[in-house]
Amino acid sequence: MLKQSLADAIDCFVLSIALRDSRKQVLESLPGYTDHHTMLVHISRLIADQNVAAESIGKYVNYLSKQINDTSKTDSDGIYEKMKLQWNRFFAFKVENITSFLPADYNADGLIAKSWDDISKLLPNAVKGIEVKAINSQTGDKLMYPEGGNQKYIAVGGNRLSRGFTLEGLTINYFLRDTNYYDALLQMGRWFGYRPGYIDACRLFIDFDTEEKYNYITAALTELEEQIENMEYQKKTPKEFELRIRKHPDVLKITRSAILKNANEVRFSFQNKVQQSTMFKIEKNSVEN
């Protein structure tokens with residue numbers, strides 16, 4: 001039995017394929033275009049768990065395919081009504097308003113707004129040919145992306161999919177894999193990559209604890225980037241400047257102890273230090289503002 005969140009993610013994968021297919025004529029002309037579609041399911045490092053998950057996902061995909069192809073679009077209790085609810089829940093607003101979420105200089109070519117009517121007629125083809133593969137040493141399954149092909153994969157895996165693995169046309173990531181190392185999370189977190197014309201088709205499913213970990217690591221990285229900029233401004237080398245990386249107060253570790261053997265742990269505080277402004281702009285506009 002699938003978790004509801006995983007079933008939602010698979011529904012989103014089918015909808016994301018339909019969304020990209022609806023823009024295909026435009027997307028084909030964009031650099032970096034691919035007609036491959038991939039969903040990543042990263043829930044456990046244990047091979048047995050991966051294989052069980054892949055089997056359950058395969059059954060759900062077969063169910064979806066049968067329902068989409070056999071059920072009337074006008075059935076108020078049918079699969080099309082369910083998928084319409086999923087479209088409205090996960091995609092409709094973002095697809096309609098995607099440019100408002102992007103920087104002004106972002107290349108929005110291909111990001112054409114689409115409605116449920118545009119998407120619903122493409123669902124039979126979207127769900128067709130989806131392959132579920134458990135990528136581990138026991139199954140020996142591999143993902144093959146032939147040039148000019150149209151592969152649709154739901155890839156279930158662990159270590160083999162966590163580092164340096166390219167998933168063409170990745171749009172949906174269901175990520176519950178737990179680790180307590182900054183570097184491992186950052187490697188696993190390289191999700192979507194270059195996605196011309198379909199940034200609004202991408203969805204990430206993670207739990208609250210994982211989100212909190214990524215929020216903390218993002219803050220630590222932002223601080224490190226600011227230090228590097230300051231070091232460059234002062235024309236110093238890393239040895240002269242002594243870069244610091246914030247430690248997590250609880251479970252997260254920066255990396256393995258062996259890698260940190262030459263690092264020094266220090267406490268850094270602003271206690272007993274005073275920072276204050278010593279110059280003020282007294283122009284009229286500054287004072288009023």
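**Surface patches, an enclosed strand and salt bridges**

Ile-282 is exposed, at a relative accessible area of 72%. Exposed stands for over 50%, buried for under 20%, and partly exposed for the range in between (1.4 Å probe, protein chains only). This is a predicted model: local features need pLDDT of at least 70, side-chain atom pairs count only at pLDDT 80 or more, and totals for chains, interfaces and linings use all residues. Residues are numbered from 1 along each chain as its sequence is written, and side-chain values use heavy atoms, leaving out hydrogens and water.

**Surface patches**

- Ile-282 sits in the loop between helix 10 (238–241) and helix 11 (284–288). Helices (H or I, at least four residues) and strands (E, at least two) are DSSP runs, numbered from the N terminus.
- Together with Phe-280 and Val-287, Ile-282 forms a nonpolar surface patch. The accessible area of these three residues together is about 400 Å², by the Shrake-Rupley method with a 1.4 Å probe.
- Patch residues have over 30% relative accessible area and no salt bridge; like charges are joined within 9 Å, nonpolar side chains (Val, Leu, Ile, Met, Phe, Trp, Tyr) within 5 Å.
- Asp-207, Asp-209, Glu-211 and Glu-212 make up a negative surface patch. Asp and Glu count as negative, Lys and Arg as positive; His and the chain ends are not counted.
- Glu-212 belongs to helix 9 (residues 208–233). Glu-212 is partly exposed, with a relative accessible area of 40%.

**Strand 3**

- Strand 3 (residues 152–157) is largely enclosed by the rest of the structure, because six of its six residues are buried.
- Lys-152, Ile-154 and Val-156 point one way from strand 3. Tyr-153, Ala-155 and Gly-157 point the other way. Both sets are buried.
- In a regular strand, side chains alternate between the two faces of the sheet.
- Strand 1 (residues 37–42) pairs with strand 3 in the parallel sense, over six bridges. Pairing requires at least two DSSP bridges between two strands.
- Strand 2 (residues 130–135) also pairs with strand 3 in the parallel sense, over six bridges.
- Val-156 ties into both contacts: Val-156 is the bridge partner of Val-41, and Ala-134 stands opposite Val-156.

**Salt bridges**

- The count comes to nine salt bridges. Each is a side-chain nitrogen of Lys or Arg within 4 Å of a carboxyl oxygen of Asp or Glu.
- Asp-8 forms a salt bridge with Arg-89, with the closest N and O atoms 3.1 Å apart. Asp-8 lies in helix 1 (residues 4–22) and Arg-89 in helix 4 (residues 79–90), so the pair ties together parts 81 residues apart in sequence.
- Asp-8 is buried, with a relative accessible area of 5%. Arg-89 is exposed at 55%.
- Glu-223 forms a salt bridge with Arg-246, where the closest N and O atoms are 2.2 Å apart. This pair links distant parts of the chain, 23 residues apart: Glu-223 is in helix 9, and Arg-246 is in the loop between helix 10 and helix 11.
- Glu-223 is partly exposed, with a relative accessible area of 28%. Arg-246 is partly exposed as well, at 37%.
- Lys-133 and Glu-131 meet through their side chains in a salt bridge, at 3.8 Å from N to O. Lys-133 counts as buried at 16% relative accessibility, while Glu-131 is partly exposed at 32%.

How values were computed
The place of a charge is taken as NZ of Lys, CZ of Arg, CG of Asp or CD of Glu.
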